[in-house]
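Here's a quick walk through a protein model for anyone who likes geometry with their cut-offs spelled out. Have the viewer open and follow along.

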Amino acid sequence: MLYPLSYEGMFPVDPAGPVRPDTDTSIQGARPYYALGMRSAPSSASAVAYIPDTTSTRQYIGAWSVLSVLQYFAAEAAVIAAWAGPRPYDLRTGYISDLGAIYCGIYDGREVCSPLNWLMNASFVVQGLGMVLGALLLSTGLLCVAARAGTPVPAARRKPWLAAAAVRILTGTAGAGTVLVGLVPEDVGSFWHYVGAVMYFVAGALALLVLGLLWLHKTPLAWFILACGVVSAAALITAGVTGLNVPEPGTLERLMGYPVTVGVAAAGLVIAQRVHRHRQAAAELRLTAAAGRP
(Lines give C-alpha, C1' and ligand atoms only; values in the text may rest on other atoms or scores of the structure.)
Protein backbone atom coordinates (compact mmCIF):
# COMPACT_ATOMS: atom_id res chain seq x y z
CA MET A 1 0.00 0.00 0.00
CA LEU A 2 1.26 3.46 -0.82
CA TYR A 3 0.83 6.11 1.77
CA PRO A 4 0.32 9.64 0.52
CA LEU A 5 2.71 11.03 3.14
CA SER A 6 5.53 8.70 4.06
CA TYR A 7 8.27 9.75 6.46
CA GLU A 8 10.65 10.19 3.53
CA GLY A 9 8.40 12.58 1.67
CA MET A 10 7.70 16.27 1.95
CA PHE A 11 5.25 17.61 4.46
CA PRO A 12 2.52 19.90 3.20
CA VAL A 13 0.99 22.52 5.44
CA ASP A 14 1.20 21.18 8.96
CA PRO A 15 -2.01 21.71 10.94
CA ALA A 16 0.00 21.39 14.14
CA GLY A 17 1.86 24.59 13.41
CA PRO A 18 5.61 25.30 13.28
CA VAL A 19 8.23 23.00 14.74
CA ARG A 20 8.71 23.44 18.46
CA PRO A 21 12.28 24.27 19.51
CA ASP A 22 12.39 21.60 22.21
CA THR A 23 12.35 18.68 19.75
CA ASP A 24 15.08 17.15 17.63
CA THR A 25 14.66 16.61 13.91
CA SER A 26 15.01 13.42 11.93
CA ILE A 27 17.65 12.97 9.29
CA GLN A 28 14.94 12.62 6.64
CA GLY A 29 13.57 16.11 6.88
CA ALA A 30 12.87 19.16 8.91
CA ARG A 31 10.02 17.73 10.95
CA PRO A 32 10.12 16.37 14.50
CA TYR A 33 11.35 12.80 14.75
CA TYR A 34 11.66 12.26 18.49
CA ALA A 35 8.70 12.48 20.80
CA LEU A 36 8.07 15.82 22.43
CA GLY A 37 10.56 16.52 25.17
CA MET A 38 12.97 13.78 24.16
CA ARG A 39 16.56 14.53 23.32
CA SER A 40 19.26 12.82 21.40
CA ALA A 41 22.00 11.00 23.26
CA PRO A 42 24.34 13.39 25.11
CA SER A 43 27.69 14.05 23.62
CA SER A 44 30.94 13.63 25.47
CA ALA A 45 31.00 17.37 26.18
CA SER A 46 27.83 17.06 28.26
CA ALA A 47 28.98 14.05 30.28
CA VAL A 48 28.36 14.16 33.98
CA ALA A 49 30.54 13.26 36.92
CA TYR A 50 29.37 12.05 40.31
CA ILE A 51 30.74 12.87 43.71
CA PRO A 52 33.08 10.29 45.27
CA ASP A 53 32.08 7.73 47.85
CA THR A 54 30.56 9.67 50.72
CA THR A 55 30.84 6.65 52.99
CA SER A 56 34.64 6.65 52.93
CA THR A 57 36.57 7.16 56.14
CA ARG A 58 38.49 9.99 54.51
CA GLN A 59 35.37 12.15 54.11
CA TYR A 60 34.18 11.31 57.63
CA ILE A 61 37.46 12.32 59.27
CA GLY A 62 37.64 15.46 57.13
CA ALA A 63 34.17 16.57 58.17
CA TRP A 64 34.82 16.12 61.89
CA SER A 65 38.22 17.79 61.56
CA VAL A 66 36.55 20.94 60.27
CA LEU A 67 33.84 20.73 62.91
CA SER A 68 36.49 20.55 65.65
CA VAL A 69 37.24 24.28 65.29
CA LEU A 70 34.46 24.93 67.81
CA GLN A 71 36.85 23.96 70.61
CA TYR A 72 38.25 27.50 70.23
CA PHE A 73 35.33 29.05 72.09
CA ALA A 74 35.74 26.76 75.11
CA ALA A 75 39.46 27.47 75.23
CA GLU A 76 38.95 31.24 74.93
CA ALA A 77 36.41 31.24 77.77
CA ALA A 78 38.81 29.34 80.04
CA VAL A 79 41.73 31.66 79.24
CA ILE A 80 39.63 34.77 79.85
CA ALA A 81 38.50 33.36 83.21
CA ALA A 82 42.16 32.98 84.24
CA TRP A 83 43.16 36.48 83.09
CA ALA A 84 45.47 38.12 85.66
CA GLY A 85 45.80 41.66 84.33
CA PRO A 86 45.25 44.70 86.53
CA ARG A 87 41.81 45.03 84.97
CA PRO A 88 39.43 42.25 83.87
CA TYR A 89 39.70 41.24 80.26
CA ASP A 90 37.09 42.99 78.13
CA LEU A 91 35.87 41.26 74.96
CA ARG A 92 35.00 44.64 73.47
CA THR A 93 38.41 46.26 73.87
CA GLY A 94 40.81 43.34 74.34
CA TYR A 95 42.58 41.84 71.35
CA ILE A 96 42.30 38.12 70.79
CA SER A 97 46.07 37.75 70.51
CA ASP A 98 46.48 39.25 73.99
CA LEU A 99 45.14 35.98 75.37
CA GLY A 100 48.11 34.14 73.88
CA ALA A 101 50.80 36.63 74.97
CA ILE A 102 53.57 34.78 76.84
CA TYR A 103 54.72 37.56 79.16
CA CYS A 104 52.85 39.83 81.54
CA GLY A 105 53.39 43.55 81.11
CA ILE A 106 52.62 46.47 78.83
CA TYR A 107 52.36 45.47 75.19
CA ASP A 108 51.57 48.09 72.55
CA GLY A 109 50.03 50.28 75.24
CA ARG A 110 47.86 47.46 76.64
CA GLU A 111 48.26 45.79 80.05
CA VAL A 112 48.53 42.09 79.25
CA CYS A 113 48.77 39.06 81.55
CA SER A 114 47.41 35.70 80.45
CA PRO A 115 48.53 32.78 82.66
CA LEU A 116 46.82 30.25 80.38
CA ASN A 117 48.51 31.60 77.26
CA TRP A 118 49.67 28.08 76.42
CA LEU A 119 46.05 26.90 76.24
CA MET A 120 45.08 29.74 73.92
CA ASN A 121 48.03 29.12 71.63
CA ALA A 122 47.36 25.38 71.62
CA SER A 123 43.76 26.11 70.67
CA PHE A 124 44.94 28.25 67.74
CA VAL A 125 47.14 25.40 66.52
CA VAL A 126 44.43 22.76 66.92
CA GLN A 127 41.92 24.96 65.13
CA GLY A 128 44.32 25.55 62.27
CA LEU A 129 45.25 21.89 61.94
CA GLY A 130 41.56 20.95 61.84
CA MET A 131 41.01 23.33 58.93
CA VAL A 132 44.10 22.15 57.08
CA LEU A 133 43.16 18.49 57.57
CA GLY A 134 39.63 19.18 56.38
CA ALA A 135 40.94 20.96 53.29
CA LEU A 136 43.14 17.96 52.49
CA LEU A 137 40.60 15.20 53.16
CA LEU A 138 37.31 16.67 51.95
CA SER A 139 37.28 16.08 48.21
CA THR A 140 36.44 18.72 45.62
CA GLY A 141 33.57 16.64 44.27
CA LEU A 142 32.01 16.29 47.70
CA LEU A 143 32.19 20.03 48.31
CA CYS A 144 30.62 20.68 44.90
CA VAL A 145 27.29 19.27 45.99
CA ALA A 146 27.39 19.60 49.79
CA ALA A 147 27.84 15.84 50.20
CA ARG A 148 24.54 14.99 48.53
CA ALA A 149 25.07 11.40 47.44
CA GLY A 150 24.49 10.54 43.78
CA THR A 151 24.15 14.14 42.66
CA PRO A 152 25.41 14.60 39.09
CA VAL A 153 27.60 17.55 38.19
CA PRO A 154 28.08 18.29 34.48
CA ALA A 155 31.75 17.80 33.73
CA ALA A 156 31.59 20.53 31.09
CA ARG A 157 30.65 23.07 33.75
CA ARG A 158 33.96 23.80 35.37
CA LYS A 159 32.73 26.56 37.67
CA PRO A 160 31.47 24.30 40.50
CA TRP A 161 34.70 22.29 40.47
CA LEU A 162 36.89 25.39 40.42
CA ALA A 163 34.86 26.99 43.21
CA ALA A 164 35.12 23.85 45.36
CA ALA A 165 38.86 23.67 44.75
CA ALA A 166 39.15 27.33 45.73
CA VAL A 167 37.30 26.62 48.99
CA ARG A 168 39.80 23.88 49.83
CA ILE A 169 42.79 26.13 49.08
CA LEU A 170 41.37 29.08 51.01
CA THR A 171 40.39 26.94 54.00
CA GLY A 172 43.85 25.38 54.11
CA THR A 173 45.45 28.83 53.89
CA ALA A 174 43.30 30.15 56.74
CA GLY A 175 44.17 27.09 58.81
CA ALA A 176 47.87 27.52 58.19
CA GLY A 177 47.55 31.14 59.27
CA THR A 178 45.94 30.14 62.55
CA VAL A 179 48.73 27.65 63.21
CA LEU A 180 51.22 30.49 62.73
CA VAL A 181 49.30 32.66 65.20
CA GLY A 182 49.51 29.90 67.81
CA LEU A 183 53.17 29.07 67.22
CA VAL A 184 54.31 32.70 67.17
CA PRO A 185 52.52 34.73 69.89
CA GLU A 186 52.20 38.46 69.48
CA ASP A 187 54.86 39.40 72.04
CA VAL A 188 57.80 37.36 70.72
CA GLY A 189 58.84 40.09 68.31
CA SER A 190 58.08 38.36 65.02
CA PHE A 191 55.99 39.68 62.14
CA TRP A 192 54.86 36.12 61.32
CA HIS A 193 52.15 36.43 63.95
CA TYR A 194 50.51 39.21 61.97
CA VAL A 195 51.03 37.39 58.69
CA GLY A 196 49.21 34.40 60.15
CA ALA A 197 46.35 36.56 61.43
CA VAL A 198 45.88 38.20 58.02
CA MET A 199 45.95 34.79 56.32
CA TYR A 200 43.22 33.55 58.64
CA PHE A 201 40.93 36.56 58.35
CA VAL A 202 41.23 37.11 54.59
CA ALA A 203 41.28 33.50 53.39
CA GLY A 204 38.64 32.44 55.90
CA ALA A 205 36.17 35.14 54.85
CA LEU A 206 36.70 34.39 51.15
CA ALA A 207 36.27 30.64 51.71
CA LEU A 208 32.88 31.20 53.35
CA LEU A 209 31.71 33.56 50.61
CA VAL A 210 32.60 31.10 47.87
CA LEU A 211 31.21 28.10 49.76
CA GLY A 212 27.96 29.87 50.62
CA LEU A 213 27.35 30.73 46.96
CA LEU A 214 28.34 27.22 45.87
CA TRP A 215 25.92 25.57 48.31
CA LEU A 216 22.87 27.71 47.57
CA HIS A 217 19.84 25.44 46.95
CA LYS A 218 21.86 22.47 48.26
CA THR A 219 21.47 23.07 51.99
CA PRO A 220 19.49 25.58 54.10
CA LEU A 221 22.70 26.44 55.95
CA ALA A 222 24.18 27.92 52.78
CA TRP A 223 22.61 31.28 53.61
CA PHE A 224 24.03 31.16 57.13
CA ILE A 225 27.52 30.33 55.82
CA LEU A 226 27.25 33.11 53.26
CA ALA A 227 26.12 35.57 55.96
CA CYS A 228 29.14 34.61 58.09
CA GLY A 229 31.40 35.38 55.14
CA VAL A 230 29.73 38.74 54.53
CA VAL A 231 30.03 39.80 58.19
CA SER A 232 33.68 38.74 58.36
CA ALA A 233 34.55 40.46 55.08
CA ALA A 234 32.77 43.68 56.08
CA ALA A 235 34.59 43.77 59.43
CA LEU A 236 37.88 43.02 57.68
CA ILE A 237 37.40 45.94 55.30
CA THR A 238 36.52 48.20 58.23
CA ALA A 239 39.66 47.11 60.09
CA GLY A 240 41.78 47.75 57.02
CA VAL A 241 40.38 51.25 56.58
CA THR A 242 40.60 52.22 60.27
CA GLY A 243 43.70 50.25 61.21
CA LEU A 244 41.64 48.88 64.14
CA ASN A 245 41.69 52.38 65.58
CA VAL A 246 38.08 52.16 66.76
CA PRO A 247 36.41 52.50 70.18
CA GLU A 248 35.98 48.70 70.46
CA PRO A 249 38.83 46.98 68.61
CA GLY A 250 38.09 43.68 70.35
CA THR A 251 34.56 43.68 68.99
CA LEU A 252 35.74 44.47 65.48
CA GLU A 253 38.42 41.78 65.60
CA ARG A 254 35.90 39.22 66.78
CA LEU A 255 33.53 40.20 64.00
CA MET A 256 36.37 39.27 61.66
CA GLY A 257 37.28 36.00 63.34
CA TYR A 258 34.20 34.52 65.02
CA PRO A 259 32.13 34.25 61.81
CA VAL A 260 34.96 32.33 60.14
CA THR A 261 35.09 29.81 62.98
CA VAL A 262 31.31 29.45 63.16
CA GLY A 263 30.86 29.31 59.37
CA VAL A 264 33.55 26.67 58.92
CA ALA A 265 32.00 24.62 61.72
CA ALA A 266 28.57 24.92 60.07
CA ALA A 267 30.02 23.58 56.83
CA GLY A 268 31.59 20.71 58.74
CA LEU A 269 28.25 19.98 60.40
CA VAL A 270 26.47 19.75 57.04
CA ILE A 271 29.04 17.34 55.66
CA ALA A 272 29.39 15.29 58.85
CA GLN A 273 25.62 14.75 59.12
CA ARG A 274 25.24 13.69 55.50
CA VAL A 275 28.30 11.47 55.47
CA HIS A 276 27.16 9.84 58.72
CA ARG A 277 23.72 9.22 57.26
CA HIS A 278 25.19 7.68 54.12
CA ARG A 279 27.49 5.46 56.17
CA GLN A 280 24.54 4.24 58.25
CA ALA A 281 22.54 3.47 55.12
CA ALA A 282 25.47 1.56 53.62
CA ALA A 283 25.90 -0.44 56.84
CA GLU A 284 22.19 -1.34 56.86
CA LEU A 285 22.41 -2.52 53.26
CA ARG A 286 25.36 -4.74 54.12
CA LEU A 287 23.50 -6.24 57.07
CA THR A 288 20.42 -6.86 54.93
CA ALA A 289 22.52 -8.52 52.25
CA ALA A 290 24.28 -10.67 54.82
CA ALA A 291 20.98 -11.73 56.39
CA GLY A 292 19.63 -12.79 53.00
CA ARG A 293 22.49 -15.15 52.25
CA PRO A 294 21.83 -18.87 52.64
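Predicted model: local features only at pLDDT ≥ 70, side-chain atom pairs only at ≥ 80, totals over all residues.

What follows goes from the overall layout to the ring pairs, salt bridges, disulfide, surface and backbone.

## Ground rules

Residues are numbered from 1 along each chain as its sequence is written, and side-chain values use heavy atoms, with hydrogens and water left out.

## Overall layout

The protein chain has eight helices and four strands. Here helices (H or I, at least four residues) and strands (E, at least two) are DSSP runs, numbered from the N terminus. Read from that end, the elements go β-α-α-β-β-α-α-β-α-α-α-α.

Of the 294 residues, 41% count as buried; buried means under 20% relative accessible area, exposed over 50%, and partly exposed in between (1.4 Å probe, protein chains only). A contact is a case of heavy atoms within 4.5 Å. Among contacts between residues at least 6 apart in sequence, 69% join residues at least 24 apart.

Start with the rings. Rings of Phe, Tyr and Trp (its six-membered ring) pair if their centres lie within 6.5 Å; planes under 30 degrees apart count as stacked, over 60 as edge-to-face and the rest as tilted. That rule gives eight aromatic pairs. One of them is Y72 with Y258, edge-to-face at 6.3 Å centre to centre and 70° between the planes. The two tyrosines sit 186 residues apart, Y72 in helix α2 (residues 71–81) and Y258 in helix α8 (residues 249–291). Y72 is buried at 4% relative accessible area, while Y258 is partly exposed at 21%. Ring pairs also tie Y72, F73, F124 and Y258 into a cluster.

E76 and R254 meet in a salt bridge, 3.2 Å from N to O, where a salt bridge is a side-chain nitrogen of Lys or Arg within 4 Å of a carboxyl oxygen of Asp or Glu. E76 lies in α2 and R254 in α8, 178 residues apart. Buried or exposed? E76 is buried, at 5% relative accessibility, and R254 is buried as well, at 6%.

## The other salt bridges

The count comes to six salt bridges. Among them, E111 pairs with R87, with the closest N and O atoms 3.5 Å apart. E111 is partly exposed at 35%, and R87 is exposed at 59%.

D108 and R110 form another, also with closest N and O atoms 3.5 Å apart. D108 is exposed at 63%, whereas R110 counts as buried at 16%. Through shared partners, salt bridges join D98, D108, R110 and E186 into one network.

## Disulfide

How many disulfides does the structure hold? There is one, taking a disulfide as a pair of cysteine sulfur atoms within 2.5 Å. C104 is joined to C113, with S to S at 2.0 Å. The torsion about that S-S bond is about 60°, so the disulfide is right-handed. C104 is exposed at 51%, but C113 is buried at 12%.

## Surface

The protein chain exposes about 16000 Å², and carbon and sulfur atoms supply 68% of it. Accessible areas come from the Shrake-Rupley method with a 1.4 Å probe; for residues, only the protein chains shown count as cover.

## Two positive phi values

Most residues other than glycine have a negative phi. A147 has a positive one, near 60°. A147 is in the loop between α4 (140–144) and β4 (152–154), and it is buried at 0% relative accessible area.

H217 also has a positive phi, near 70°. Its place is the loop between α6 (192–214) and α7 (221–242), and at 77% relative accessibility H217 is exposed.
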